[in-house]
Every structure is written in structure tokens, then in C-alpha cells.
Amino acid sequence: MADIIDGRAIARQLDEKTKAQVDELVAAGHSAPGLTVILVGEDPASEVYVRRKIKACEKVGIRSTEHRLPADTSQEDLLALIDQLNKDEDVHGILCQVPLPDHIDTRLVLRSISPEKDVDGFHPVNVGRLSTGTGGIVPCTPLGVMMLLKSVIPDLTGKDVVVIGKSNIVGKPVANLLLDAEATVTVTHIYTEGLPEICRQADVIVAAAGAPELVKGHWVKDGAVIIDVGITRKEGEDGKTKLVGDVKFDEVQHAKAVTPVPGGVGPMTIACLLANTVQAARNLMGYGDAERGDDYADAPDRSMHTTA
Ligand SMILES: Nc1nc2c(c(=O)[nH]1)N[C@@H](CN(C=O)c1ccc(C(=O)N[C@@H](CCC(=O)O)C(=O)O)cc1)CN2
């Protein structure tokens, strides 16, 4: 049976570290780090994620502010709000929940957030710093993926890793982090020819294609490690909605370890956001170029895994 990598437990461990860093800043006479979350429209999944982010801030002592804007908010008004937040010294982190409504140019909006406050790591400056290995703020989900992976394989040197998915939010940044960790990385996507055969060679599969249950049991070699980034809502045979990942979970029990959906990568996304907010705050407070919030070189221990 494959070990199940407990994302909730590893996220809690990271939250403890983040809380300690917040307490340290406050004890040194600073205000608590402040995060502002912008949600435009009423996408139900985004509402859930934003609510979770705000609640998570409370737990570690980060001050949070929420701006909920109607779906017909003009791009100009959104950019004006971001400009105001960029200038506000009490705000250390800004994030704009995506997807944004169609009439808004997402790339322009993400570019308008000050790179120092861009706790999502989506600004081209942070993307460039990641791809050149020169620090910056790293997107939350890829950071979480690395932590989960390192809980199973602390040293990724020379490991064959296949990333399925080439999005700017997950596929591309995760590939860069893996290369930094000296892994041999193959980036693929749903149009890649021979994808099952390519995956079957891999020591690690990071499935981030957004394609429900794409990765079947015969795609996975014995003892591989699987990180499932996909989350899709699907109606089960009982008529109830359930969440499924990009991996056919029941078929990959010959793997060494696998992340569940829910309870794997998702909780790490939020924990890494909090860590990134503290990193941004520390930088803005003049603590130099603070280390990446998650410090994922400190691999979480194997006790965070359970067996199915
Ligand atoms: N500005 C951003 N927008 C989006 C991001 C992001 O990192 N920044 N990522 C995703 C959504 N996301 C965070 O915003 C996110 C996705 C999933 C989870 C999570 O905890 N998932 C749970 C299941 C939750 C459920 O019931 O639906 C799990 O996997 O256990 C947290 C955050 C797109 N937008």
C-alpha cells in the first residue's frame, strides 16, 4: 500500500513556524504582518478559498483585510485599488484571487501588484527571480508541492521527475524549483505524445494538468512518488459531489507515496501563502532578503505519512 502524504499535518507544521515568526516580529516591536485579499465576483470555489485564507491568517496572527468587489468592477477601479494598497505601509502582502472575470486582463492586474508585496509570486519580477534562482517570492502551490515531495525524498538530486501541466501557476514554477533541487525534469502536458510511457519511467510524478483522474495505475512504476495537484468537483454515483485529483487514486497503491485529494496539496497552498506573507513583511521591515518563507530545505518528517 502506498503511504498517504498528509498535507494537512505538514501544513500545520509550517503554520507553527509561521506563527513563531509572526510572534518574533511583534515581540521586536513591529506590527503583525498584514495581508490584503481581493476577490472580484462570486465564483463559489474562489469564495471558499478566500474564506480559508482569511481564517488561516487569524490562526497565525497575520492581520488580514478582504476586498470583495462585484463581478462588474471595472479594470480601472481594480487597478486603482491595487495602487492604493501598494502604497499602504500597513499592507505587506496583496493577492488577487484568480480566475478574474473575463473583462479584466489578468496579466495586467497581476503585474500591477508591487513585486515586494506579491505574496502569490505571480509578478514577472518574481517569476524571473525564480527562473534564474535569485530568490524572490515563490508561488504558493509549487512551494507546497516541494515540501510534500521532500517529506518523502529529502534529496532529489538526479531523480527523474515528470511534471504534467505547464501552467504559470504550477507547472512552470514547480519545474524550476525541481531543477534547482538538481532533479532531472521532464515537463509534459495533456497533448504530449506517449505520456503514459514517459510517466512510467519517472521516480516522481507531479500531476497538475487539471484533468480529472488522468494518471492511471499503469502509468506509474512501482515505488514512484506521486504529487496530485488537481482538484475537480465531480458527481459521484450516489449523486453527491466529491473532489477528485488528476490521479486515479485507487489504482496507484503500488506507488511509494501519494498525496490525497482533498487533504494533500490544497492545505499547503494556504500554509505557503501565510509563510510568503511573513517573508514579504520581513523584507519590507528591513530584515534583508529574507529566506523563502517555507524553508523547505528542512524536510518535514515521515511521521506525517499514513498508510491507506
Ligand atoms: N491568487 C490565487 N488564486 C488562486 C490560487 C493561488 O495560489 N493564488 N490557487 C488556486 C486556488 N487556491 C488558492 O487560492 C486553493 C485551492 C485549493 C485549496 C484547498 O485547500 N483545497 C482543499 C479542498 C477544498 C475544497 O473543499 O474545495 C484540499 O485540497 O484539501 C486551497 C487554495 C486558484 N486560484
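This note sets out numbered points on the predicted model shown above.

1. Basis of the model. The structure is a predicted model, in which local features need pLDDT of at least 70 and side-chain atom pairs count only at pLDDT 80 or more, while totals for chains, interfaces and linings use all residues. Residues are numbered from 1 along each chain as its sequence is written.

2. Overall form. The chain has nine helices and 12 strands; these are DSSP runs numbered from the N terminus, with helices (H or I) of at least four residues and strands (E) of at least two. Its radius of gyration of 19 Å agrees with the value near 19 Å for a compact globule of 308 residues, where the radius is taken over C-alpha atoms and the globule rule is 2.2 Å times the number of residues to the power 0.38. Along the principal axes, the C-alpha atoms fill a box of roughly 55 × 40 × 35 Å.

3. Of the 308 residues, 44% are buried; a residue is buried if 20 or more other C-beta atoms lie within 10 Å of its own, exposed if 12 or fewer, and partly exposed in between, with C-beta atoms placed from the backbone. Among contacts with a separation of 6 or more, 69% join residues 24 or more positions apart; two residues are in contact if their C-beta atoms, placed from the backbone, lie within 7 Å.

4. Ligand shell. The ligand has 19 residues around it, of which Tyr49, Val98, Pro262, Gly266 and Thr269 come nearest; a residue is near a molecule or strand if its C-beta atom, placed from the backbone, lies within 6 Å of it. Both domain 1 (30–114) and domain 2 (140–265) give residues to this shell, so the ligand's shell lies between them; the domain bounds come from an automatic or database domain assignment. Helix 9 (265–284) is one of the elements supplying at least two residues, and helix 9 gives the most, with four.

5. Cis peptide bonds. Most peptide bonds are trans. The bond from valine 98 to proline 99 is cis, with omega near 10°, and proline 99 lies in the loop between strand 4 and helix 4 (106–112). A cis bond also runs from valine 261 to proline 262, with omega near 0°; proline 262 is in the loop between strand 11 (257–258) and helix 9.

6. Annotated positions. The unreviewed UniProt entry places the feature "binding site" at Gly165, Lys166, Ser167, Ile190 and Ile231; the positions use the numbering used here, feature names are shortened, and annotations may be inferred rather than shown by experiment. Glycine 165, in the loop between strand 5 (160–164) and helix 7 (171–180), is buried, because 24 other C-beta atoms lie within 10 Å. Isoleucine 231, in the loop between strand 8 (225–228) and strand 9 (232–235), is partly exposed, with 18 such atoms within 10 Å. Leaving aside neighbours within four places in sequence, isoleucine 231 is in contact with Leu243, Gly245, Val261 and Gly266.

7. Positive phi. Most residues other than glycine have a negative phi. Glutamate 182 has a positive phi of about 70°; this residue lies in the loop between helix 7 and strand 6 (184–188) and is exposed, with 12 other C-beta atoms within 10 Å. Glutamate 213 has a positive phi near 55°; glutamate 213 is in the loop between strand 7 (204–207) and strand 8 and is partly exposed, with 18 other C-beta atoms within 10 Å.
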